[in-house]
Amino acid sequence: MAKGILVPDFVFESSWEVCNKVGGIYTVLSTRAKTLQDMMNDRIIFIGPDCWKEKDCPYFKEDTALFADWKNDATASGLKMRIGRWDIPGKPIAILVDFNPYFAQKDQIYTWLWENYQVDSLHAYGDYDEASMFSYAAALVVESFYAKYLNPGMKVIYHGNEWMTGLGLLYINKVLPEVATIFTTHATSIGRSIAGNNKPLYDYLFAYQGDQMAWELNMQSKHSIEKQTAHFVDCFTTVSDITANECKELLDKPVDYVLPNGFDNSFVPKGATFTKKRKAARKCLLGVANALLGTDLQDDTLIVSTSGRYEFRNKGVDVFIEAMNRLLRDRNLNKTVLAFIEVPGWVGEPRQDLVARLHSGKKYDTPLEVPEITHWLHNMSHDNVLGMLKYLDMHNRKDDRVKLIFLPCYLTGDDGVLNMTYYDLVLGNDLCIYPSYYEPWGYTPLEAVAFKVPCVTTDLSGFGLWANTVKGGYSEIEDGVKVIRRTDYNYSEVADSIKDTVTKYSNMTDAEVKTSRSNAENLSKKALWCHFIKYYQQAYHFALQKAEGRKRQK
């Protein structure tokens with residue numbers, strides 16, 4: 001570290017996704033943890049919600065010997081938690097806190113929040129209460145641990161991720177001013193809501209007033225806690241320049257630092273293992289497709305996919321389907337395309353007719369009924385993907401050069417049909433496509449290139465903008481990542497650009513494909529945490545300076 005840079009003695013970091021795999025923030029924290037653990041050696045402690053009660057959390061290993069004396073004291077004072085290690089590379093210390101006891105105090109907590117920070121909790125609904133009670137409980141953990149082991153002479157940081165940790169950050173700001181606070185918003189709640197409600201976000205960003213839009217979209221409470229946290233913490237951060245602009249306009253607070261999301265590639269297979277896993281993934285994907293469609297697709301099939309959260313417009317699932325539909329009529333397409341949509345829907349159960357075919361080991365020449373989906377949904381007649389396929393009359397007919405299959409479940413290895421994890425399947429793709437409209441960073445394209453799979457993304461994603469910065473211009477598929485220009489209104493051009501990129505890739509020689517795959521992998525290595533952790537160190541220094549200033553004023 002540079003001379004004069006303040007380095008924390010202790011860091012607490014909280015998120016709803018600590019030991020709780022529900023979204024992209026889990027990937028941010030879990031891949032960064034080893035780098036921080038190597039730097040701080042058990043002086044980084046992650047705090048997450050105990051959502052499992054009496055059951056074992058699959059991502060957490062309890063260790064009753066860790067801080068046993070403190071835990072006894074904390075339990076006696078009413079703080080219920082489990083202490084152990086997050087079962088990820090680096091094995092950092094993690095604390096899962098039971099937040100349910102605090103619902104009984106909810107009104108008093110919200111009153112305190114209003115009186116001290118003017119946060120409007122009156123319009124709360126959905127997950128606001130649950131997140132707030134967790135956030136409060138996490139702050140009590142920090143307060144209790146600090147009282148037991150730490151002192152004002154130590155440089156301590158409390159880092160919260162997303163609006164869901166805002167209440168706790170404000171609590172620490174008030175009761176423990178000697179602790180430096182950092183708040184990272186990975187996407188503003190109001191920006192995501194504007195985009196998700198089909199309103200043009202980018203062209204009118206300068207004209208939107210965050211508070212007014214929160215009222216219009218019934219987002220007052222989430223917006224209020226997020227905005228006030230951004231204004232009162234020592235260091236306000238986000239993950240990309242595109243979201244930094246959003247914060248400035250909608251939260252009326254410029255960020256202090258941009259902390260781009262890195263990656264840890266230690267679990268990406270190497271050499272012969274990679275080749276073996278790629279073959280297994282392709283065999284699995286082609287096998288499921290052939291059983292479902294009654295086809296005999298071979299290994300020269302071009303396998304493409306999109307994946308992520310089921311945000312139909314924000315993640316560009318709609319434009320992906322549109323592109324595949326246009327690809328059906330592209331005469332320059334040189335290969336059969338097998339396209340997968342891997343987003344978790346309201347899944348009911350695995351299709352037993354498909355499972356029976358897979359287990360039979362036979363070949364079939366007739367498709368199953370509804371040959372567009374691998375698992376039945378609870379809402380088959382109201383699902384966006386199936387609805388759009390029906391509207392476009394895309395039914396995977398025998399002569400179609402493009403087959404599109406909806407895989408509507410979390411790929412955790414136990415879905416009942418593929419029974420392989422996402423990371424074991426993604427490397428079987430030839431091309432991954434993520435045409436996001438709203439994407440503060442974009443882990444899915446970064447994961448794809450780390451597994452040597454070239455991808456398509458847009459310049460409305462943080463990752464896409466970063467790839468362009470590395471290139472020094474718009475990145476092309478030959479560079480490993482094709483970045484498409486996307487605006488509020490150019491949906492049709494984006495669909496055509498995706499179609500043209502897939503066609504181009506289908507006509508590339510083996511040598512050109514090899515170069516593209518190699519460039520994809522090389523780009524991913526520039527986004528490793530060992531390169532990006534410096535931005536966190538700068539944020540730590542910035543926040544600690546503020547806290548040290550308060551100590552001197554005492």
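Where in the chain is His-378 found? In this predicted model, His-378 sits in the loop that runs between strand E13 (375–377) and helix H13 (384–391).

**His-378 and its surroundings**

- Leaving aside residues up to four places away in sequence, His-378 touches Trp-346, Val-347 and Gly-348, and a polar atom of the His-378 side chain lies 3.3 Å from the backbone oxygen of Val-347.
- Gly-287 is 91 residues away from His-378 along the chain, and the C-alpha atoms of these two residues are separated by 25 Å.

**Ser-305 in strand E10**

- Ser-305 belongs to strand E10 (residues 302–307), and with a relative accessibility of 1% Ser-305 counts as buried, because the cut-off for that class is under 20%.
- The side chain of Ser-305 is joined to the side chain of Asn-429 by a polar contact of 3.1 Å.
- Asn-429 is also one of the residues that Ser-305 touches when those up to four places away in sequence are not counted, and the others are Phe-320, Phe-340, Glu-342, Leu-431, Cys-432 and Ile-433.

**The cavity**

- Searching the whole structure gives 1 cavity of 30 Å³ or more, and the volume of the largest cavity is about 40 Å³.
- The lining of the largest cavity is made by His-123, Ala-124, Tyr-125 and Tyr-128, together with Asn-218, Met-219, Gln-220, Ser-221 and Lys-222.
- Helix H8 (residues 220–232) gives the most to this lining, with 3 residues, and by class the lining of the largest cavity holds 4 nonpolar, 4 polar and 1 charged residues.

**The second largest pocket**

- The second largest pocket contains about 660 Å³ of space, and of the 26 residues that line this pocket, Arg-278, Lys-279, Arg-282, Asp-299 and Asp-430 are the closest to its centre.
- Two or more lining residues of the second largest pocket come from each of helix H10 (271–293), helix H17 (491–506) and helix H18 (510–525), with H10 giving the most, at 10 residues.
- Sorted by class, the lining of the second largest pocket has 12 charged residues, along with 7 nonpolar and 7 polar ones.

**Cysteines**

- The structure holds 0 disulfides, and Cys-19 is accordingly in no disulfide, the nearest cysteine sulfur being that of Cys-57, 5.3 Å away.

**Positive phi angles**

- Most residues other than glycine have a negative phi.
- Asn-198, although not a glycine, has a positive phi of about 65°; this asparagine is placed in the loop between helix H6 (189–196) and helix H7 (210–216), and Asn-198 is exposed, with a relative accessible area of 54%.
- Asp-393, likewise not a glycine, has a positive phi of about 60°; Asp-393 lies in the loop between H13 and strand E14 (402–406), where Asp-393 is partly exposed, with a relative accessible area of 42%.

Key: Residues numbered from 1 in each chain as written. Predicted model: local features only at pLDDT ≥ 70, side-chain atom pairs only at ≥ 80, totals over all residues. Heavy atoms only, no water. 1 Å grid on protein atoms, 1.4 Å probe; cavity = no way out; pocket = protein on both sides within 12 Å on 5 of 7 lines; lining within 4 Å. Points joined across faces, edges and corners; volume = space filled by probe spheres on them. Helix = DSSP H or I, 4+ residues; strand = E, 2+ residues; numbered from the N terminus. Nonpolar A, V, L, I, M, F, W, Y, C, P; charged D, E, K, R; others polar. Contact = heavy atoms within 4.5 Å. Polar contact = N/O pair within 3.5 Å; in protein donor to acceptor, adjacent residues only side chain to side chain. Disulfide = S-S within 2.5 Å. Buried < 20%, exposed > 50% of the residue type's maximum accessible area, 1.4 Å probe, protein only.
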